[in-house]
Amino acid sequence: MVDRIWLDVPYAEKDQAKAAGARWDPAAKRWYAPRKGMTALELWAAAPDVPDLLPGEDRTLGEGLFVDLVPSSCWFTNVRSCVSPRDWERLRRMITRRAGMRCEACGAAENRDAKRWLEAHERWVYDDAARVQRLKRLICLCTECHTVTHYGYAQVRGLESKAFAHLVKVTGMSHAEARSHIRYAFNVWEARSVRAWTLDLSILTDAGVTLQRPPRAGERGGFAAATLATERGIPQPATADAGEIVARIAVERGIALPADTPTATPSAAEPAPHRTPAVPGPREAAEPSLLRRIFRRGR
């Protein structure tokens, strides 16, 4: 391969870098400067590569595909939201490279036509006594496997049937075994979600990655609400929390929630349209619902 002057270009800045003269190497999946001395590209000068094994990382933790729900106090507070865009690009590149450009759960490669991407997922360990949620591994997952791990979020997005089918296909579980596995994962999630967890991302800082301050536990509900609202195009008042936004999504999808949940029932002036259940298979089989569980525990 011809020597490249590699760049660290976050996805959101690719058009800006391209306009400044950067070129894309499809084999390496990375931007580069075509010649030396291009000062307009100095903004994206490459930093040293992140080591393939992060300090203290356990790459045996959480092998295979399983539902891996994060506590509600940490919704949308992932590694990507806690590092700069350029450091995220360095991490993403390391994670996909060391995985051989394949999903570490099912072995699939990226497929743009199928809208299958390779994504980073966090594996955490939980110290109940100290209430610390510690990052212990970063794993490369394809879009389908990543959707399975965040099964509750898949429900909210209307992707439960696809997630359930993919879980069964990859793991070889029977439908009954898969339902039991999902139910157990939701029970663990519910127990952990009654606490506010402190995030420990020391495996990143010890590798020279600079952190942006993640939202504090008390701020994460608003952060989650804003993210959900943006993704669904739902206007939100300044006081909206994640539970209120999820309730609006339930109304949008025609999912009945407890009658005494004020935000779960549409007003008489705006009746919810009649819709068939979005996910008849798993839901009719008594599959746990993130929407219902949020309100069952009083959010």
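Start with the sheet that runs in the order β4-β5-β6: its 3 strands form an open sheet with mixed pairing. Strands here are DSSP runs of E with at least two residues, helices are runs of H or I with at least four, and both are numbered from the N terminus. Two strands pair if DSSP finds at least two bridges between them. You're looking at a predicted model, where local features need pLDDT of at least 70 and side-chain atom pairs count only at pLDDT 80 or more, while totals for chains, interfaces and linings use all residues. Residues are numbered from 1 along each chain as its sequence is written, and side-chain values use heavy atoms, leaving out hydrogens and water.

Now colour the edges of that sheet, β4 (118-127) and β6 (198-200): each has a single partner strand, so one side of each is left without a neighbour in the sheet. From one strand to the next, the twist averages 40°. (Axes are lines fitted to C-alpha atoms, for helices over the stretch in contact, and angles between N-to-C directions run from 0 to 180 degrees.)

Next, select β4 together with β5 (residues 132-142). They pair in the antiparallel sense over 10 bridges. Click on D127 and you'll find its bridge partner, V132, in β5.

Stay in strand β4 and pick W124. Is W124 buried or exposed? At 11% relative accessibility, W124 counts as buried (buried is under 20% relative accessible area, exposed over 50%, partly exposed in between, with a 1.4 Å probe and protein chains only). Show what W124 touches beyond four places away in sequence: the list includes L61, V70, Q133, L135 and L199. Contact here means heavy atoms within 4.5 Å. D200 is also on W124's contact list; W124 and D200 are 76 residues apart in sequence, yet 9.4 Å apart in space, C-alpha to C-alpha.

Jump to another sheet, β1-β3-β2, an open one of 3 strands with antiparallel pairing. β1 (5-6) and β2 (23-25) stand at its edges. Select β2 and β3 (residues 30-33), which pair over 3 bridges, and look for R23 standing opposite Y32 in β3.

Last stop: helices α6 (residues 160-171) and α7 (residues 175-192). Their axes come within 10 Å and cross at roughly 115°. The two helices are therefore roughly perpendicular to each other, a label for angles of 65 to 115 degrees. To see the contact, select F164, L167 and V168 of α6 with H175, A178, R179, H181 and I182 of α7.

Conventions. Angles under 35 degrees count as roughly parallel, over 145 as roughly antiparallel, 65 to 115 as roughly perpendicular and the rest as oblique.
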